[in-house]
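Trainee: I would like to learn how to read a model like this one. Can we take it feature by feature?

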Amino acid sequence: TSECPAVHEVDLINGARAVKGCSGIATHLEDAAAETLRTMGDNIKEKAPNMVAVLSAVNDGKVNLLCVCGTEAIKKGAHAGKIIKEVAKMVGGGGGGRPDSATAGGKQPEKLEEALEAANNIVEAQL
């Protein structure tokens, strides 16, 4: 059963910060299953082509990470696979994927907040 998270895609899109002509957000979603992250990521890509979003959740002591990049953000140089690889390293994990969507996992949830802060800088460096 997948639960509906308290945060909606629209809230994330509205809460994003401007980064070199794109929007970027890196956030932790409480009690979100990996499946929920994917669904939200797909919705964000669809609704906000200039968005780069790094979404995270912690389940059973493990970190789930997802990065999505909209079509406009990709044109400006954003690559979800490269972003997620950097962020995942910081939480003791790995992963990767396509320019528009990538997933990763990690074993150090205590380092997640620090990794999400760094994600904003990683995104900025790519654009």
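Trainee: What does the accessible surface of the protein come to, and what share belongs to carbon and sulfur atoms?

Mentor: First, a caution: this is a predicted model. Its accessible surface comes to about 6,400 Å². Carbon and sulfur atoms account for 47% of that.

Trainee: How many helices and strands are there in the protein?

Mentor: There are 5 helices and 6 strands. Along the sequence they run α-β-β-α-β-β-α-α-β-β-α. The radius of gyration is 13 Å, close to the 14 Å that the globule rule gives for 127 residues, so the protein is as compact as a globular protein of that length. Its C-alpha atoms fill a box of roughly 35 × 30 × 20 Å along the principal axes.

Trainee: What percentage of the residues count as buried?

Mentor: Start with the general idea. Nonpolar side chains tend to be buried together in soluble globular proteins. Now this case. Of the 127 residues, 44% count as buried.

Trainee: Which residues have the most contacts inside the largest nonpolar core?

Mentor: They are Val52, Val54, Leu65, Cys67, Cys69, Ile83 and Val87, in a core of 26 residues. Elements giving two or more residues include strand 3 (51-59), strand 4 (62-69) and helix 4 (80-90). Helix 5 gives the most, with 6 residues.

Trainee: Which residues does Val87 touch, leaving aside those up to four places away in sequence?

Mentor: Val87 touches Leu65, Ala115, Ala119 and Ile122. Another core lies apart, with 15 residues. Among them are Ala32, Met40, Ala48 and Ala57.

Methods. Residues are numbered from 1 along each chain as its sequence is written. This is a predicted model: local features need pLDDT of at least 70, side-chain atom pairs count only at pLDDT 80 or more; totals for chains, interfaces and linings use all residues. Side-chain values use heavy atoms; hydrogens and water are left out. Helices (H or I, at least four residues) and strands (E, at least two) are DSSP runs, numbered from the N terminus. The radius of gyration is taken over C-alpha atoms; the globule rule is 2.2 Å times the number of residues to the power 0.38. Buried means under 20% relative accessible area, exposed over 50%, partly exposed in between (1.4 Å probe, protein chains only). Accessible areas come from the Shrake-Rupley method with a 1.4 Å probe; for residues, only the protein chains shown count as cover. A nonpolar core is a set of buried Ala, Val, Leu, Ile, Met, Phe, Trp, Tyr and Cys residues joined through side-chain atoms within 4.5 Å. Contact means heavy atoms within 4.5 Å.
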